[in-house]
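Dear colleague,

I am handing over the structure that we spoke about, and it is placed just below. Please look through it first, and then read the notes that follow.

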Amino acid sequence: ANLPISFNNLAGNWNVSKLIKADGSQEDYINLCPTQKDYVKFYTYDKMEFYQFYTNCNPLYMYEQCANFYFEEGDILSNCANLVDGKIIKFTATELIIDYQETRVFGYIDNNLQEANGIVLIRE
């Protein structure tokens, strides 16, 4: 069963695990750093940060594009970043699946994140 969608339940670090392609198949997201996974950090309020790491494990960048995101119709993350905006179709203590309901082009070829229709995040 899905957890209730709230800032408190979402709070924590979620590793980017898989990408959902246009045909619905899932492909692995590739972490460039062998010792550090790229992750999304949600706060207990309307803020999110995305951390990506180079092959040398230095942070690629981090953005706080999500300082005022909200839940639309209860299950749609809105006003956030392209990576996480979308309809939450699965939300458990350890897995979060977001459906973009369209194909988004990211262009991170090295991470296998060229384009995707959704994303799978894992909380360890």
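**Disulfides, strands and rings**

Cys33 has a relative accessibility of 3% and therefore counts as buried, since the limit for that word is under 20%. Please keep in mind throughout that this is a predicted model.

The partner of Cys33 is Cys57, and the two form a disulfide in which the sulfur atoms are 2.1 Å apart. The angle about the S-S bond is 95°, and this link of Cys33 and Cys57 is right-handed. The pair joins distant parts of the chain, 24 residues apart, with Cys33 in the loop between β2 (26-28) and β3 (39-42) and Cys57 in the loop between β4 (48-53) and β5 (59-66). Cys57, for its part, has a relative accessible area of 26% and is partly exposed.

The structure holds two disulfides, and the other one joins Cys66 to Cys80, with a distance of 1.8 Å from S to S. This pair, too, links distant parts of the chain, as Cys66 belongs to strand β5 while Cys80 is found in the loop between β7 and β8, 14 residues apart. The torsion about the S-S bond of Cys66 and Cys80 is about 115°, so this disulfide is right-handed. Both of its cysteines, Cys66 and Cys80, are buried. When the bonded cysteines are counted along the chain, the disulfides follow the pattern 1-2, 3-4.

Strand β7 (residues 76-78) and strand β8 (residues 86-91) run antiparallel and are joined by two bridges, and Leu77 stands opposite Gly86 in β8. From there, β8 pairs with strand β9 (residues 95-108), again in the antiparallel sense, over four bridges. Lys90 stands opposite Ile97 in β9, and the two strands β8 and β9 form a hairpin with three residues between them.

Within strand β7 you will find Ser78, which is buried because its relative accessibility is 7%. The side chain of Ser78 makes a polar contact of 2.5 Å with the side chain of Glu72. If neighbours within four places in sequence are left aside, Ser78 is in contact with Phe69, Tyr70, Glu72 and Asp85.

The structure holds nine aromatic pairs. One of them is made by Tyr43 and Tyr45, whose ring centres are 5.6 Å apart and whose planes meet at 45°, so the pair is tilted. Another tilted pair is that of Tyr100 and Phe106, with the ring centres 6.0 Å apart and the planes at 50°. Both Tyr100 and Phe106 are buried.

Are Tyr43 and Tyr45 buried or partly exposed? Tyr43 is buried, with a relative accessible area of 19%, whereas Tyr45, at 43% relative accessibility, counts as partly exposed. Tyr43 also has a charged neighbour, for Lys47 lies over the face of the Tyr43 ring, at 4.7 Å from the ring centre.

With kind regards

Technical notes
Residues numbered from 1 in each chain as written. Predicted model: local features only at pLDDT ≥ 70, side-chain atom pairs only at ≥ 80, totals over all residues. Heavy atoms only, no water. Pairing = 2+ DSSP bridges. Buried < 20%, exposed > 50% of the residue type's maximum accessible area, 1.4 Å probe, protein only. Polar contact = N/O pair within 3.5 Å; in protein donor to acceptor, adjacent residues only side chain to side chain. Contact = heavy atoms within 4.5 Å. Phe/Tyr/Trp six-rings, centres within 6.5 Å; stacked < 30°, edge-to-face > 60°. Lys NZ or Arg CZ within 6 Å of the ring centre and 35° of its normal. Disulfide = S-S within 2.5 Å.
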